[in-house]
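Welcome! Take a moment to look over the protein shown here, and then we will walk through some of its features together.

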Amino acid sequence: MPTPSLASLPIRRLTLRDLTACADLSADRGWPREEHKWGFLLASGKGYGIDDPDGGLVAACVVTEYGPRERPALAAVGMVLVAARHARRGVGRRLMRHVVEASDTTPLTLHATPLGRPLYEELGFKVTGRAEMLRGRFVPTGALPEVATRAATAGDLPAILRLDEEVFGADRTHIVTRLPAFADQLRVAEENGRLIGYAAAWPNMDTHVVGPLIARDTATAEALLASLAARTDRPLRTDIDVRHEELLDRVKEHGLASVMSSAVMTYGTTEPPGDWSRRFAPVTVAAA
C-alpha cells in the first residue's frame, strides 16, 4: 500500500483517549510531556489532530472557547505541535487554517514563540501584546502582606466566577470549576468580606505554575503570589502581561527571573475582552 500524503491525512477531534499521544508529541519536539496540562486542556477545550499512519500524531493543537457555547466571545489556541519528522512540510499551516475556518466569526488569541510567529502572521494574526515568563523561588521580604488572603472554599465559587467573568470579559465557568481538581492550591484575596482577587498554583514538572492570577491591583497580585509560594517547596513559574511593569519588578525582587517572552496575537479582534488591568496572568498561555 502506498503511504498517503500528509495533505490527504484527515484532521480529527482529539479526546482524552489521545492524552498519551499528545504527550509523546510534546516529547518528540523536546518539550516536557506535561500530561497534567494536556488532560486539562483536552477536557475543557477542543483538541484537533492528524494521525500518523505509522503511529502517533503528525500534529496537534487545542482550542479553548469562552462565552456562550452557541456563540463564543473568544477562543484561545495553544499547544500547536508538529512531529519533528514532519516539520516544515506545511502541516502546521494546514492545521491552523482548519482552526481559523472552524472558528468562523469567533475572535482568536494565542501566545506565539519567535519560531511560530511568522506562520501566525501569514494567517492574519496580529501582535497585540506580550507576556513575560518568570521562574524561580519566591523569597519573602519579611514585611506583612498588604492584603489578606486565604484558601478558597466551595462557598467562594459563585463569587470567584462573577469576578472572573467581569475581569476576563467572557464566561470561563468550564475552566474555573475545574481548578479545584487541577490545581494544588486555590486562594482568594478579600477586603471587608468582598473578593478582590484569586489565584491558583498547579503542578507542572518540577514547578508550580501560578495562573490564573486575577487581582484588583499590584499589591493584591503580589500578596496572592506570596501566599501561594509560602505553601509550596517548588519553584514558581508564571506568565505576566508586560503592561504590569510594577508587578514584574516586584517578583524579580522576590527572586524570580525572566525566562522568555511570548507575543500575544489576535485574529478577528484588536483587543481581547475584559479588563487587562486586573488580569495579571493566564491559567496557562496554552489557554490564554
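How do the residues of the lining of the largest pocket divide into nonpolar, polar and charged? They divide into 20 nonpolar, 10 polar and 9 charged. Here Ala, Val, Leu, Ile, Met, Phe, Trp, Tyr, Cys and Pro count as nonpolar, Asp, Glu, Lys and Arg as charged, and the others, Gly among them, as polar.

Before going further, please note that this is a predicted model, in which local features need pLDDT of at least 70 and side-chain atom pairs count only at pLDDT 80 or more, while totals for chains, interfaces and linings use all residues. Residues are numbered from 1 along each chain as its sequence is written, and side-chain values use heavy atoms, with hydrogens and water left out.

**The largest pocket**

The volume of the largest pocket is about 1200 Å³. A pocket is an open set of points on a 1 Å grid over the protein atoms alone, where a 1.4 Å probe fits, with protein on both sides within 12 Å along at least five of seven lines; lining residues have an atom within 4 Å of a point. The volume is the space filled by probe spheres set on the points, which are joined across faces, edges and corners.

The lining has 39 residues, and those nearest the centre of the pocket are Trp31, Val80, Thr113, Leu115 and Gly116. Several elements supply at least two lining residues each, including strand E4 (74-82), helix H3 (91-103) and strand E12 (257-267). E4 gives the most, with 6 residues. Helices (H or I, at least four residues) and strands (E, at least two) are DSSP runs, numbered from the N terminus.

Helix H2 (residues 35-44) has 7 of its 10 residues buried, so it is largely enclosed by the rest of the structure. Buried means under 20% relative accessible area, exposed over 50%, and partly exposed in between (1.4 Å probe, protein chains only). Among the buried residues of H2 are Trp38, Phe40 and Leu41.

Helix H5 (residues 157-168) has 12 residues and reaches 16 Å from its first C-alpha to its last, close to the 16 Å expected at 1.5 Å a residue. That expected span is 1.5 Å times one less than the number of residues. In H5, Ile160, Leu163, Asp164, Val167 and Phe168 are buried. Seen down the helix axis, these buried residues of H5 fall within an arc of 115°, so they line one face of the helix. The arc is that of the directions from the helix axis to the C-beta atoms. Just after H5 comes glycine 169, with a positive phi of about 90°.

**Aromatic rings**

The whole structure holds 5 aromatic pairs. Rings of Phe, Tyr and Trp (its six-membered ring) pair if their centres lie within 6.5 Å; planes under 30 degrees apart count as stacked, over 60 as edge-to-face and the rest as tilted. Here are two of the pairs:

| Pair | Centres apart | Planes at | Type |
|---|---|---|---|
| Tyrosine 120 and phenylalanine 125 | 6.0 Å | 65° | edge-to-face |
| Phenylalanine 125 and tyrosine 267 | 5.2 Å | 45° | tilted |

Phenylalanine 125 is buried at 2% relative accessible area, whereas tyrosine 267 is partly exposed at 25%. Ring pairs also link Phe40, Phe182 and Trp202 into a cluster.
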